[in-house]
Amino acid sequence: MNRDVSPPARSRPTGGTVLPVLMVLALAAAAFVLRRPLLMSAPACVSGRWHGCLDTFNGVLFVMLVTLPPAALVAWALARRRRAAGVASAWPLSLADVGLVHGTVPFLWLTLMPGAEPGAAPARVSLVPLRDLVTMGPLGIAGNLLVFAALGCFAPVRWAALASVPRVLALGAGCSVLVETAQYVLRLDRVSSVDDVLVNAAGAVLAGLASRRWWRPRAAAPSDRRPRPAPAAAR
């Protein structure tokens, strides 16, 4: 018998398993920290009332957490369909598809939520950098960091063309400029600030760096393809 045959290597957990676990842990921590304000809006959301639920920050976040299990079920169905079709990165792609929608739409809703006097109050613009950071406070800065965090996290996983830090920064800044412009044009009684653009773009970059393990190989894949040597001519 040949004793030089090495035993088969043990299979290691793939990124498709680690990424969902990290997402669940992050959302569980967020739900624990925000449990009191979320429970305040729970009765209005459960009863199906618009006022007190979808027109409040706490209500939108509560709906976002409640709809997490259906979103996970959709991601599982997409991953199963892709694996049956032979797609290599079925789980990361499926999580990216669902995470882009589920993690971005609620925060866009919060950003475009009108203030006290929409349409009546004059449109306000703040173009001086770093001036509004003091008035935002820690909670405001954290909220702005999360606006396009899902976009920066999952867009490079979904599209290899966006798998670079400068492109993620440009994506977050461009989307933030569009949102601030919409606030100004629609006169939502919100301040269109350049600091919002900076913090939103920073949140997209930080989230993109957190998911870089899953999108960096896809960015390097096209350059790793070496040209095959030409076959020798038959004599």
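**Close-up views of a predicted model**

By the sulfur–sulfur distance rule, the count in this predicted model comes to 1 disulfide.

**Figure 1. The disulfide between Cys 45 and Cys 53.** The sulfur atoms of Cys 45 and Cys 53 are joined at an S to S distance of 2.1 Å. A disulfide is a covalent bond between the sulfur atoms of two cysteines. Because the torsion about the S-S bond of Cys 45 and Cys 53 is about 110 degrees, the disulfide is right-handed. Both of these residues, Cys 45 and Cys 53, are buried.

**Figure 2. Surface exposure of Cys 153 and Cys 175.** Cys 153 has a relative accessible area of 15% and is therefore buried, the cut-off for burial being under 20%. Cys 175, with a relative accessible area of 22%, is partly exposed.

**Figure 3. The bend in helix H6.** Helix H6 spans residues 133-147 and has 15 residues. The C-alpha atoms at the ends of H6 are only 16 Å apart, whereas a straight helix would reach 21 Å at 1.5 Å a residue. At Leu 139, H6 bends by about 80 degrees.

Figure 4. The residues Met 136, Gly 137, Asn 144 and Val 147 of H6 are buried. Elements that cover the buried residues of H6 include helix H5 (90-111), helix H7 (149-158) and helix H9 (194-210).

**Figure 5. The second largest pocket and its lining.** Helix H3 (57-66) and helix H5 each supply at least two residues of the lining of the second largest pocket. The most is given by H5, with 5 residues.

**Figure 6. The protein chain as context for the close-up views.** The secondary structure of the protein chain comes to 10 helices and 2 strands. Along the sequence, these elements follow the pattern α-α-α-α-α-β-α-α-α-β-α-α. Of the 235 residues in the protein chain, 32% are buried. Among contacts in the protein chain with a separation of 6 or more, 72% are between residues 24 or more positions apart.

Definitions and conventions. Residues are numbered from 1 along each chain as its sequence is written. This is a predicted model: local features need pLDDT of at least 70, side-chain atom pairs count only at pLDDT 80 or more; totals for chains, interfaces and linings use all residues. Side-chain values use heavy atoms; hydrogens and water are left out. A disulfide is a pair of cysteine sulfur atoms within 2.5 Å. Buried means under 20% relative accessible area, exposed over 50%, partly exposed in between (1.4 Å probe, protein chains only). Helices (H or I, at least four residues) and strands (E, at least two) are DSSP runs, numbered from the N terminus. The expected span of a helix is 1.5 Å times one less than its number of residues. The bend at a residue is the angle between axes fitted to the seven residues ending there and the seven starting there. Contact means heavy atoms within 4.5 Å.
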